[in-house]
Amino acid sequence: MTHLKKNTMDTEVYVQVTAFDKNSNDEFGRSIIADTKESFNLQVEEFESMIPFTKYYITMVSDDVLTPEQESIIEDYEVD
């Protein structure tokens, strides 16, 4: 019996997420690469728990034009 693995490269999403300190010009960022909504959300939660600032805002940027499948992975967040 042959098992076929779905090609996740088509649905994998790459996002640069950055937290900016509201009290200075400091920033803290990382890349998130995920092929499921659960993986993406977990990585965002991990990132938020590591932010060293007390007052901050977060931006998320993707350089790619996202497919509907990729958009479903990040649908809980606003990505530019």
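User: Why does Lys-37 count as partly exposed?

Analyst: Buried means under 20% relative accessible area, exposed means over 50%, and partly exposed lies in between (1.4 Å probe, protein chains only). Lys-37 has 25% relative accessibility, so Lys-37 counts as partly exposed. This is a predicted model, in which local features need pLDDT of at least 70 and side-chain atom pairs count only at pLDDT 80 or more, while totals for chains, interfaces and linings use all residues. Residues are numbered from 1 along each chain as its sequence is written, and side-chain values use heavy atoms, with hydrogens and water left out.

User: What makes Glu-75 and Lys-37 a salt bridge?

Analyst: The term requires a side-chain nitrogen of Lys or Arg within 4 Å of a carboxyl oxygen of Asp or Glu. In this pair the closest N and O atoms are 2.6 Å apart, so the pair qualifies. Lys-37 lies in helix α1 and Glu-75 in the segment after α2, so the bridge ties together parts 38 residues apart in sequence. Helices (H or I, at least four residues) and strands (E, at least two) are DSSP runs, numbered from the N terminus. Glu-75 has a relative accessible area of 51%, and is therefore exposed.

User: How many salt bridges does a search of the whole structure find, and which residues do they join into one network?

Analyst: The search finds two salt bridges. Lys-37 also meets Asp-76, at 3.4 Å from N to O. That pair spans 39 residues, from helix α1 to the segment after α2. Asp-76 has a relative accessible area of 46% and is partly exposed. Through shared partners, Lys-37, Glu-75 and Asp-76 form one network.

User: How do you know that Asp-21 has no salt bridge?

Analyst: Lys and Arg count as positive and Asp and Glu as negative, with His and the chain ends not counted. The nearest side chain of opposite charge to Asp-21 is Lys-55, which is 8.9 Å away. A polar atom of the Asp-21 side chain lies 3.1 Å from the backbone nitrogen of Asn-23. Contact means heavy atoms within 4.5 Å; leaving aside neighbours within four places in sequence, Asp-21 is in contact with Asp-26, Phe-53, Lys-55 and Tyr-56.

User: Why are Phe-28 and Phe-47 called stacked?

Analyst: Rings of Phe, Tyr and Trp (its six-membered ring) pair if their centres lie within 6.5 Å; planes under 30 degrees apart count as stacked, over 60 as edge-to-face and the rest as tilted. By this rule there are three aromatic pairs. The rings of Phe-28 and Phe-47 have centres 5.5 Å apart and planes at 15°, so the pair is stacked. Phe-28 is in strand β2 (residues 27–34) and Phe-47 in helix α1 (residues 37–50), 19 residues apart. Phe-28 is partly exposed at 25%, whereas Phe-47 is buried at 0%.

User: What makes the pair of Phe-40 and Tyr-77 edge-to-face?

Analyst: Their centres are 5.8 Å apart and their planes stand at 70°, so the pair is edge-to-face. The pair links helix α1, which holds Phe-40, to the segment after α2 (68–73), which holds Tyr-77, 37 residues apart. Phe-40 is buried, with a relative accessible area of 0%, and Tyr-77 is partly exposed at 25%.

User: In what order do the elements of the chain run from the N terminus?

Analyst: The order is β-β-α-β-α, with two helices and three strands. Of the 80 residues in the chain, 28% are buried.

Technical notes: A polar contact is a pair of N or O atoms within 3.5 Å; within protein, one must be able to donate a hydrogen and the other to accept it, and residues adjacent in sequence count only if both atoms are side-chain atoms.
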